[in-house]
Structures are given as structure tokens and as C-alpha cells.
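Good morning, and thank you for coming. Please look at the sequence and the structure while I speak.

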Amino acid sequence: MNKNTVLAWATWIMIIVGLCLIALGAFRYDQIAGYGFAAVGGGFFCIAWVFNALKGRV
């Protein structure tokens, strides 16, 4: 596996984890903690976007 493949896998894993955290915030926790889970899930999407932008540049 080269660097671009590793970044592609990391991007997909971060997207899946982000979706899981947003789903936890939306469906499991109905208190204030749900907002925190959704915010962290959004942060995972931002990091996945950075990983995707780095493909081909590293």
C-alpha cells in the first residue's frame, strides 16, 4: 500500500466513525450530550476532508 491508499482508507474510516457519532448523538442521547457527539462527528468529517485533500500531495 502506498501513501495515497493509506490516506484513502483513513478518509473512509473517518467518515464511517463520523457518521456513527452523529447517529449516536441523534438517536441515542437526547440530552445535551447528543450535541457533543454530533459536534465531534462533524470534526471527524473535517479531518476526513483534510486527509482527502492530502492525497497526491504527500
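N2 is partly exposed, with a relative accessible area of 45%. On this scale, buried means under 20% relative accessible area, exposed means over 50%, and partly exposed lies in between, with a 1.4 Å probe and protein chains only. N2 sits in the segment before α1. From N2 to D30 there are 28 residues in sequence and 42 Å in space, C-alpha to C-alpha.

A word on the source: this is a predicted model, in which local features need pLDDT of at least 70, side-chain atom pairs count only at pLDDT 80 or more, and totals for chains, interfaces and linings use all residues. Residues are numbered from 1 along each chain as its sequence is written, and side-chain values use heavy atoms, with hydrogens and water left out.

Let us turn to the chain as a whole. Its secondary structure comes to 2 helices and 0 strands. Helices (H or I, at least four residues) and strands (E, at least two) are DSSP runs, numbered from the N terminus. The radius of gyration of the chain is 13 Å, well over the 10 Å that the globule rule gives for 58 residues, so the chain is more spread out than a compact globule. That radius is taken over C-alpha atoms, and the rule is 2.2 Å times the number of residues to the power 0.38. Along the principal axes, the C-alpha atoms fill a box of roughly 40 × 15 × 10 Å. Buried residues make up 16% of the 58 residues.

Is T11 buried or exposed? T11 is buried, at a relative accessible area of 7%. Leaving aside its neighbours within four places in sequence, T11 is in contact with A48, F51 and N52, where contact means heavy atoms within 4.5 Å. Across the chain, among contacts with a separation of 6 or more, 58% are between residues 24 or more positions apart.

I47 is partly exposed, at 40% relative accessible area. I47 and I13 are 34 residues apart in sequence and 11 Å apart in space, C-alpha to C-alpha. For C20 and L54, the separation in sequence is 34 residues and the C-alpha distance is 24 Å.

Now the surface. The chain exposes about 4,300 Å², and carbon and sulfur atoms supply 73% of it. Such areas come from the Shrake-Rupley method with a 1.4 Å probe; for residues, only the protein chains shown count as cover. W9 counts as exposed, at 53% relative accessibility. Together with M1, V6, I13 and V17, W9 forms a nonpolar patch on the surface, with about 540 Å² of accessible area. Patches are made of residues with over 30% relative accessible area and no salt bridge, with like charges joined within 9 Å and nonpolar side chains (Val, Leu, Ile, Met, Phe, Trp, Tyr) within 5 Å. A salt bridge is a side-chain nitrogen of Lys or Arg within 4 Å of a carboxyl oxygen of Asp or Glu.

Finally, the cysteines. How many disulfides does a search of the whole structure find? It finds 0, a disulfide being a pair of cysteine sulfur atoms within 2.5 Å. C20 lies in helix α1 and is partly exposed, at 46%. Its sulfur is 17 Å from the closest cysteine sulfur, in C46, which is too far for a bond. C46 is also partly exposed, at 48% relative accessibility.
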